[in-house]
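Trainee: I have a structure to look at and some terms to learn. Can we go through the salt bridges together?

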Amino acid sequence: MGSTKHTGPIKLPKRLEPKLWVSKVPFGLGQVKPHHIRDMAKIAWENRDQLPYAYRILTQGVCDGCALGVSGLYDRTLEGPHLCTTRLNVLRLSTMPAIRPQVLHQDIAKLRQMDSTELRKLGRIPYPLIRRKGETRFTRLSWDEALDRIAGKIRAIDPKQLAFYLTARGITNESYYAAAKVARFIGTNHIDNASRICHSPSKTALKRSVGIGASSCNYKDWIGTDVLVFWGSVAANNQPVSTKYMYAAKRAGTKIIAINPYYEPSMEKYWIPSIPESALFGTKLTDDFYQVNIGGDIAFMNGIMKIWFEMEANQPGSAIDHTFVREHTNGIEALKAHVLKQDWALLERSSGLSRERMREFAQLLAGAKSAVFVWSMGLTQHRFGTDNISQVANLALLRGFLGRPHCGLMPIRGHSGVQGSGEMGADPFSLPGGEFKPADIERIERVWGFKLPEWQGDIVGVSLENALLPEDHERKLKVFYTSGGNFLETMPDPDFIRQCLESVDVRVHQDIVLNTSTLADAREEVIVLPAMTRYEQPGGGTSTSTERMVYFSPEIEGPRIEEARAEWAIYADLAARIKPEGKALLRMSSAAELREEIAKAAPYYDGIQQLRGRGDVFQWGGAWLCEGGVCPTPDGRGQLLPIELPELRKPEGHFHVTTRRGKQFNSMIYSETDPFNAADRYDVLISGEDAAELNLKDGDPIVVYNRYGRMNGKAKTVNVRKGNIEVHWPEGNCLIPKGVYEPFAGIPEYTTAAIVEKAETYFALKDTRYVEKRIVELEDAVDQ
């Protein structure tokens, strides 16, 4: 933890900088790009029935979109208002009216004809609902009936047969904390959250490498750092406000580097709507783009370090900060021996980059006095995600890019609440302010006043798979309680996930809207509970940003869904019905009371109890974690870890495959066309060279298949690394194998290998021995 405090927002330069312009043609006319003004007008029209309320949400509430931490229209990084279409796109979730009864209670078959986008537009869930086995419609329940039914079922099963899950859909710290406490109060440790499928390797790797579980620095550190690296992160698309920080960094002389298999157009150039100069002429963002193979990052980083050690042999001190390494790290000799024995041919083949390109980047970092590494799912969603992040930590430690201004390690979050989920204990490996280990268990038992179950809980993917266990198995999932989330559109192998969901006795969906998973059957019944948004929560709520800023979002005056309840209050009521004899131990009468207890249960959150009004904020841990190079590890030192190359065997004729996001917020899709490259949801991004070898032209129907599934799409040639293709998520999830989890953090792997064929060839031969032979070959393939 650091002692230096964040110094608040800084001003943008006022003079123009034409050398950063994308074009002198105003507003990027004629280019493939987002049309922010048109999009904002469309969103205003969608909210026309509640414009005053929508305006109050935007100007008074903390953003429920990404985790950049915008309170009202302002943040702690840059002065001036921020405009973000991602935030505007989720606005309607808070302003729309309830679903009309004649629509809500129609035959389930008709509702199932809608996709999640269409279901979302129907409106808010108005009151508790139930659909029993064999019933074809939802019927209305009272809150007492709904919670008594759920409580009765939970009392009748082993607590190990109950699992909770919380998405990050605007969920507040108070609700995460309440869920974590209630789950343990009931007797289960099966509780997980949305970070399991995005940044769980980040926390795991940072803990083992430098002893922290969050970003070590701030967005302000981007502005003026020598090098700002985006590794497997398309921040311009997923966290659009970040482009304003990139603009400020460019104006301060920072070099921006992107590392990704696909040369993402939004990271090359962007028209930032809240900066007039950029809105008119665009801004060139990246200075260089390193196009690695999917899964080739560890090889790339080993190559960088190998060059550094070779530089050191010729000129000591030319690449490694020996003072920092000597005073603040362990393991340099083992790392050096491991890296130097790496074979250059293997590093080049695995990474997809030449030794010369690796040398360019190695020398750039060696010559930099400061650097910030930012990453996202391009590094984490692998079976070796934790090793990927520890490699990034190795680079930072060798150069001393930690614990000081303009330096740091930043896993950039895509949800406004997800950073706080594990910190509040809504995680099978975590408790509030600590981990699920004896010392923290004892500490939390003193705060909560009851014994915690001591067995290890399962990650959400395993919990879902447990629905298929034999009936008498102690971990057979019988009740699945999910606050938001749609596993049919977020997990690999959707058909298998549907089988899991429908094998649960009772499934509870606590949410604000319907989605496709809400409509899946259950063995006994599906119960749906209407939740409040963060802006409706009595007493307000808090959320934690990527940079550890804890923001207070007040309750905002406006229309209400009459029977919707605060999520934390639903948990409290349910727990009191399950174990009424222990009701006094819950202490969940108000959001303020929860914040008081959070400050005690998670000591580094001391200060959250003082957040009461609009604009209130504090940053836990200070401006820089590991300040001065001192890590919160047992010996105060960072660990340099030798990381082995993952095996990336790609069978003959296959492509490396990964998933990407388009015009969407997580799994919520807002457009069928990506405004940055004009790709539609079923376009398969492939290099021109690979397309030519397959005799493909843009728009040709193709089939992408492997032994896990098949996707029908169209070829779209783009600047992506040869031998790699990208498909949209979740449309491409049918190609991803089920049950493949990263061993340290439990994140599902979202990469694979697959064959690409012209549709006419595939379907002409699909019933012949030729295709049967190909499938047999696939059975023996080891996918990356």
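**Salt bridges and exposure**

Mentor: Start with Asp440 and Arg443, whose side chains form a salt bridge at 3.0 Å, N to O. This is a predicted model, where local features need pLDDT of at least 70, side-chain atom pairs count only at pLDDT 80 or more, and totals for chains, interfaces and linings use all residues. Residues are numbered from 1 along each chain as its sequence is written, and side-chain values use heavy atoms, with hydrogens and water left out.

Trainee: Why is the contact of Asp440 and Arg443 called a salt bridge?

Mentor: The term needs a side-chain nitrogen of Lys or Arg within 4 Å of a carboxyl oxygen of Asp or Glu. The N to O value here is 3.0 Å, so Asp440 and Arg443 qualify.

Trainee: What separates Asp440 and Arg443 along helix α22?

Mentor: About one helical turn, because they are three residues apart in helix α22 (residues 438-448). Helices are DSSP runs (H or I, at least four residues), numbered from the N terminus.

Trainee: Why is Glu445 called buried?

Mentor: Buried means under 20% relative accessible area, exposed over 50%, and partly exposed in between (1.4 Å probe, protein chains only). Glu445 has 14%, so Glu445 is buried.

Trainee: What makes Lys451 exposed?

Mentor: Its relative accessibility is 58%, so Lys451 counts as exposed. Lys451 forms a salt bridge with Glu445, with the closest N and O atoms 3.7 Å apart.

Trainee: Why does Arg357 count as partly exposed?

Mentor: Its relative accessible area is 21%, so Arg357 falls in between the cut-offs. Arg357 also forms a salt bridge, with Asp288.

Notes
Helices (H or I, at least four residues) and strands (E, at least two) are DSSP runs, numbered from the N terminus.
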